[in-house]
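Got your viewer open and a selection tool at hand? Here is a short tour, one stop at a time.

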Amino acid sequence: MNPVNAKKLMPCLYLYQKRAVAGPGDRREVSLNPVELAENYSLNECDRLYVMDLSETDQEQEEAMDILRKICANVAVPVAGGGRIRRMEDVKKLLYAGCSQAVLDLGKEEQAAVLEEVSLKFGKERIVAAAEGPDQILRMQGALNSFVSEVFLFHGAGGREASLISPVPVTPFLPEVSLDKIIETLSLPNVSGMSGQVVTENVSNLVALKKLCLENRIPVALSRAAYRFEDFKTGPDGLVPVVVQDVKTDAVLMVAYMNEEAYRRTVESGRMTYYSRSRQALWLKGETSGHYQYVHSLTADCDMDTILARVTQVGAACHTGSYSCFFNEVLKRGEKPEQHNPLKVFEEVFAVIEDRKAHPKEGSYTNYLFDKGIDKILKKLGEEATEIVIAAKNPNPNEIKYEIADFLYHMMVLMAEKGVSWEEITEELANR
């Protein structure tokens, strides 16, 4: 069990013109693939990630937001986002992209000016202030206490003084420093974590650093399995079966096996690793295809002889290209339709609409809408929205049910026309 007050180690990723660069004042290229870089940080036991958008134009900002959405969707840790903020709408973009927090730089007048407004709009727990040093914190103590949940101390200098005068926890951004300095800083009561070059440049060594912190009685979050592999009941071959389930959809994706080494690597890396019985070798799922499975949880059954792994699946789980390995229907009794969860119903109807678009069918009302184009689709959507309003005034609840269903159908036609999926919609709602 990880401690509630665990100190957080946070790498920084700076976005500039679709690339990851060294920093605000250093545009040297670090990676051409910022999403892949963020995933690498996430896999190395960091506790959250700071992504700063260094865009200089509106077009660059939109491109950066697209990358940020992908980062938030693919990493297993919270993301704090900052950078080109000029108004409340820019904070909204960061949060709706999937950031758990938005970072406002108190040294920039336009960002300090919207601090109160965005805090009241989104909640102080989602707002972080970035300060240059203790003097700035001292000047804005009242605002910090009322409107932010934490302070990022950008230059790290004066970390001890800042931690003493800040009304909220402080995360210093430090350059490369000695281990003694790291331990000293993290030991301060009001320091909630550490970031900067000292974390980013040593991201592959965070496990060792966290173990050192624990030895010095500094609470940190370190992935630890509650059971050793020998606690499981293995088969004659020394393996434990693993049932793999998608954490988002609850779909069963596959069944595989683990030996002791696969279990250890899965726990330590956060990516599902199995033992291939056919190849008689370890198998990191996605190593060849890129379709990794990121661990959300591992749970043993009552007999301790099977593991249920709930994962975030990238791409398809099956080697055939299918989302799940379970698609060969063996037996189905009765004609009554199965009870589906709401998302699956939406996805099934949407799949039919998309199929009509790709493979037109004569006499299809859906194809009639596609043929008439966007203006007709929007006209029908507006009409159905009005029908909902009228139905809501009717005492019979069935009428509003029918009208909402009609509206949702026409909305899905619009989604298909504009290339928007249900997954994108539900992710957006979850982010909000």
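Which residues form a nonpolar patch on the surface, with about 270 Å² of accessible area together? Select Val252, Val255 and Phe326 to see that patch. Keep in mind as you look around that this is a predicted model.

Stay on Val252 for a moment. Its relative accessible area is 38%, so Val252 counts as partly exposed, which clears the cut-off of over 30% that patch residues need.

The four strands make an open sheet in the order E13-E12-E17-E16, and the pairing is mixed. Turn the view to follow the twist, which averages 30 degrees from one strand to the next.

Strand E12 (residues 240-246) runs parallel to strand E17 (residues 307-313), and five bridges pair them. For a landmark, pick Asp246, which has Val311 of E17 standing opposite.

For the last stop, select residues 254-327. UniProt lists this range, in an unreviewed entry, as "domain: Phosphoribosyl-AMP cyclohydrolase". Colour the range by secondary structure: 14% of it is helix and 38% is strand. Then put a distance label between the C-alpha atoms at its two ends, which are 11 Å apart.

Note on methods. Residues numbered from 1 in each chain as written. Predicted model: local features only at pLDDT ≥ 70, side-chain atom pairs only at ≥ 80, totals over all residues. Heavy atoms only, no water. Pairing = 2+ DSSP bridges. Axes fitted to C-alpha atoms, helices over the stretch in contact; angles between N-to-C directions. Patch = residues over 30% accessible without salt bridge, like charges linked within 9 Å, V, L, I, M, F, W, Y side chains within 5 Å. Areas by Shrake-Rupley, 256 points an atom, 1.4 Å probe, with all protein chains shown as cover. Salt bridge = Lys/Arg side-chain N within 4 Å of Asp/Glu carboxyl O. Buried < 20%, exposed > 50% of the residue type's maximum accessible area, 1.4 Å probe, protein only. UniProt positions renumbered as here; feature names shortened; annotations may be inferred.
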